[in-house]
Amino acid sequence: MFETLKPLPMDAILGIMTLFRADSHPSKIDLSVGVYQDEQGRTPVLPSVKRAEQAILAAQDSKTYVAIAGNAAFNRSIEELIYGKDHPALKAGRVSTVQTPGGSGGLSIAGHLVARAKPNARIYLSDPTWPNHQPLLKVAGLTLDTYPYYDYAKHRVDFEPMIARLDKASAGELVLIHGCCHNPCGADLSKEQWEALTQLCERRGLVPFIDIAYQGLAEGLDEDAFGVRLMAARLPEVVVVSSCSKNLGLYRERVGVASFVSANAEAAKLATANAANVARGIYSMPPDHGAAIAAYILGNAELRAQWVKELAEMRTRLNSLRRLLVEKLAARKTPMDFSFIAKEHGMFSFLGITKEQVIRLREEFHIYMVESSRVNIAGINHANVDRVADAIAAVLK
Ligand SMILES: Cc1ncc(COP(=O)(O)O)c(C=O)c1O
């Protein structure tokens with residue numbers, strides 16, 4: 001039967017990775033990767049994670065299953081991280097949360113749960129969005145649609161067209177919103193825009209579906225959750241998916257959550273039971289290790305403080321690299337104004353150059369990025385930033 005399967009085109013990012021590996025130039029630069037890198041180009045295990053792992057290894061006396069909904073201490077700690085300890089929805093018992101294999105697993109479980117409650121529900125995705133949103137939510141049974149999000153010419157959120165599109169959506173339809181550090185464009189909603197979007201959801205009965213995969217990497221743990229907390233306080237129903245891949249560096253451990261704010265505590269119980277039942281039918285039980293690490297760190301005051309510091313170092317590095325790149329490009333008097341890069345957040349931004357210029361960067365300067373000109377800011381460091389800026393200035397001439 002397998003010979004009937006169709007060959008697939010190479011994934012854009014994997015294609016760039018293959019070209020990068022094949023390039024023998026000694027100082028080639030990879031700005032296409034999707035993970036955080038430090039000044040030395042490594043993606044290290046956080047020291048707080050190492051300490052937690054040692055403690056877990058010493059204390060663990062069983063490998064029996066955890067539970068379908070995952071590690072309860074982990075779920076409570078992540079709820080507090082997302083919503084804030086005293087959030088009214090938490091106090092009212094309106095929040096239910098299940099541990100999932102990464103944010104991707106969270107998107108899948110949340111998508112399936114929504115489709116179970118409302119078959120073929122329509123969900124509007126930002127244009128552009130993280131390319132995995134489409135397959136994950138389509139397979140879950142949702143009907144995909146889009147709303148304009150990024151103005152490529154002005155390098156900012158295209159807010160009026162976004163609102164105009166969503167103002168035509170029907171009650172009960174969902175809107176996928178990036179909680180912070182929009183992937184791929186880096187342009188986030190301002191507080192005023194979150195407020196306006198909340199009012200629109202209230203007025204039209206839309207349900208936000210917030211993907212917050214980078215909490216703590218834009219402005220701070222609480223600051224980055226502003227939109228989620230606002231919507232969860234004001235709207236009857238909100239879907240939230242979060243990931244520990246980036247802010248705890250737990251990528252391969254596969255840990256995240258799907259969290260549901262329901263209209264009342266009774267509905268929240270139904271959401272928990274059904275989300276667990278959905279998981280049962282897909283992978284049965286979540287992996288343990290990543291959630292055990294996160295729960296240990298978040299539940300231990302000293303380790304938590306250490307992690308908050310390590311997270312702040314990653315965030316500060318990203319934000320200062322953004323400013324550094326803008327300064328370096330300005331010093332080269334490029335015809336394009338790149339100051340928008342310093343206003344954006346997280347790991348990604350579009351440089352806003354053409355596909356031909358991206359190819360020249362790769363072929364003439366050994367600098368790799370996806371054709372959309374999305375770059376991973378964390379791939380830049382003090383040793384390569386001048387070469388990056390020189391090369392960008394050269395292809396813009
Ligand atoms: C926007 C967004 N959502 C979700 C994820 C999920 O990541 P993971 O499944 O590794 O936790 C990512 C990872 O790149 C992402 O960029």
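Predicted model: local features only at pLDDT ≥ 70, side-chain atom pairs only at ≥ 80, totals over all residues.
Student: Which peptide bond is cis at proline 128?

Tutor: The bond that runs from aspartate 127 to proline 128 is cis, and its omega is near 5°. Proline 128 sits in the loop between strand S3 (122–127) and helix H6 (133–139).

Student: And what is the omega of the bond from asparagine 183 to proline 184?

Tutor: Omega is near 25° there, and the bond is cis. Proline 184 belongs to the loop between strand S7 (174–178) and helix H8 (191–204).

Student: OK, phi next. What is the phi of histidine 155?

Tutor: Phi of histidine 155 is near 55°, which is positive although the residue is not glycine. Histidine 155 lies in the loop between strand S5 (150–151) and strand S6 (156–157).

Student: Is histidine 155 buried or exposed?

Tutor: Histidine 155 is buried, because its relative accessible area is 16% and the cut-off for buried is under 20%.

Student: What about arginine 254, what's its phi and where is it?

Tutor: Arginine 254 has a phi near 60°, again a positive value in a residue other than glycine. Its place is the loop between strand S9 (238–243) and strand S10 (256–261). Arginine 254 has a relative accessible area of 31%, so it counts as partly exposed.

Student: Switching to pockets. What volume does the largest pocket have?

Tutor: The volume of the largest pocket is about 950 Å³. Its lining consists of 37 residues, and those nearest the centre are Ile13, Trp130, Pro131, Asn183 and Arg374.

Student: Which elements give two or more residues to that lining?

Tutor: Helix H1 (12–22), helix H5 (102–117) and strand S11 (348–350) do. H1 gives the largest share, with 4 residues.

Student: How many of the lining residues are nonpolar, polar and charged?

Tutor: The lining of the largest pocket has 19 nonpolar, 12 polar and 6 charged residues.

Student: And how much space is in the second largest pocket?

Tutor: The second largest pocket holds about 540 Å³. It is lined by 28 residues, with Asp188, Leu189, Ser190, Lys343 and His345 closest to the centre. Among the elements that give two or more residues to this lining are S6, H8 and helix H14 (340–343).

Student: Last topic, S9. How many of its residues are buried?

Tutor: In S9, 6 of the 6 residues are buried, so the strand is largely enclosed by the rest of the structure.

Student: Which residues are on each side?

Tutor: Val238, Val240 and Ser242 are on one side of S9, and Val239, Val241 and Ser243 are on the other; all are buried, so that both faces are covered. In general, side chains in a regular strand alternate between the two faces of the sheet.

Student: Which strands does S9 bridge to, and how do they run?

Tutor: Strand S8 (residues 207–212) is joined to S9 by 4 bridges, and these two run parallel. S9 and S10 are joined by 6 bridges and run antiparallel.

Student: Which residues pair up across those bridges?

Tutor: Isoleucine 210 has valine 240 of S9 as its bridge partner. On the S10 side, valine 239 stands opposite phenylalanine 260.

Terms used: Residues numbered from 1 in each chain as written. Heavy atoms only, no water. Buried < 20%, exposed > 50% of the residue type's maximum accessible area, 1.4 Å probe, protein only. 1 Å grid on protein atoms, 1.4 Å probe; cavity = no way out; pocket = protein on both sides within 12 Å on 5 of 7 lines; lining within 4 Å. Points joined across faces, edges and corners; volume = space filled by probe spheres on them. Nonpolar A, V, L, I, M, F, W, Y, C, P; charged D, E, K, R; others polar. Pairing = 2+ DSSP bridges.
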